[in-house]
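Hi there,

I'm passing along the structure we talked about. Have a look at it first, and my notes on cross-links and charged pairs follow below.

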Amino acid sequence: QVQLVESGGGLVQAGGSLRLSCAASGRTFSNYHMGWFRQPPGKEREFVATISSSGIFTDYTYSVKGRFTISRDNAKNTVYLQMNSLKPEDTAVYYCAAGDSARTPGAYSYWGQGTQVTISS
């Protein structure tokens, strides 16, 4: 089992920045690829970014490329999502997940409880 706890969400104005953190406990964190997903109000959960277990490989959905950066610190069992130049359409509940490096939610076995990110225009 892997337990994941997100933090860092909040309310910011458009153009601002936030850094989300996801702290993992349980099984060896460095064995897992990690992903960030989000669920906008009234919509399906969607892929945001993923990072390989080593941290070498990353992938992003097109709408966040150049604005968001996923990273991890295996010594701290933590994955991060740095979000810059935020837009109102980034408003969503953000979830971290542990599993395979993929864009589909089904590839991930463990999920956090989510953290709300709200961007005002």
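With which residue does Asp-90 form a salt bridge, and how far apart are the closest N and O atoms? The partner is Arg-38, and the closest N and O atoms are 2.9 Å apart. Before I go on, please keep in mind that this is a predicted model.

The model has 4 salt bridges by count. Another of them pairs Asp-59 with Arg-103, where the closest N and O atoms are 2.7 Å apart. Asp-59 is in strand β6 (residues 58-60) and Arg-103 is in the loop between β9 and β10 (108-111), so this pair ties together parts that lie 44 residues apart in sequence. Asp-59 counts as partly exposed at 25% relative accessibility, and Arg-103 is also partly exposed, at 41%.

If you plan to look at the charged groups together, note that salt bridges with shared partners join Arg-38, Glu-46, Arg-67 and Asp-90 into one network.

Now to the covalent side. How many disulfides does the model have? The count comes to 1 disulfide. This disulfide joins Cys-22 to Cys-96, with an S to S distance of 1.9 Å. Cys-22 lies in strand β3 (residues 18-26) and Cys-96 in strand β9 (residues 92-99), so the bond ties together parts that are 74 residues apart in sequence. The link is right-handed, with 45° about the S-S bond. Are the two cysteines buried or exposed? Cys-22 and Cys-96 are both buried.

That's everything from my side for now.

Best wishes

Technical notes. Residues are numbered from 1 along each chain as its sequence is written. This is a predicted model: local features need pLDDT of at least 70, side-chain atom pairs count only at pLDDT 80 or more; totals for chains, interfaces and linings use all residues. Side-chain values use heavy atoms; hydrogens and water are left out. A disulfide is a pair of cysteine sulfur atoms within 2.5 Å. Helices (H or I, at least four residues) and strands (E, at least two) are DSSP runs, numbered from the N terminus. Buried means under 20% relative accessible area, exposed over 50%, partly exposed in between (1.4 Å probe, protein chains only). A salt bridge is a side-chain nitrogen of Lys or Arg within 4 Å of a carboxyl oxygen of Asp or Glu.
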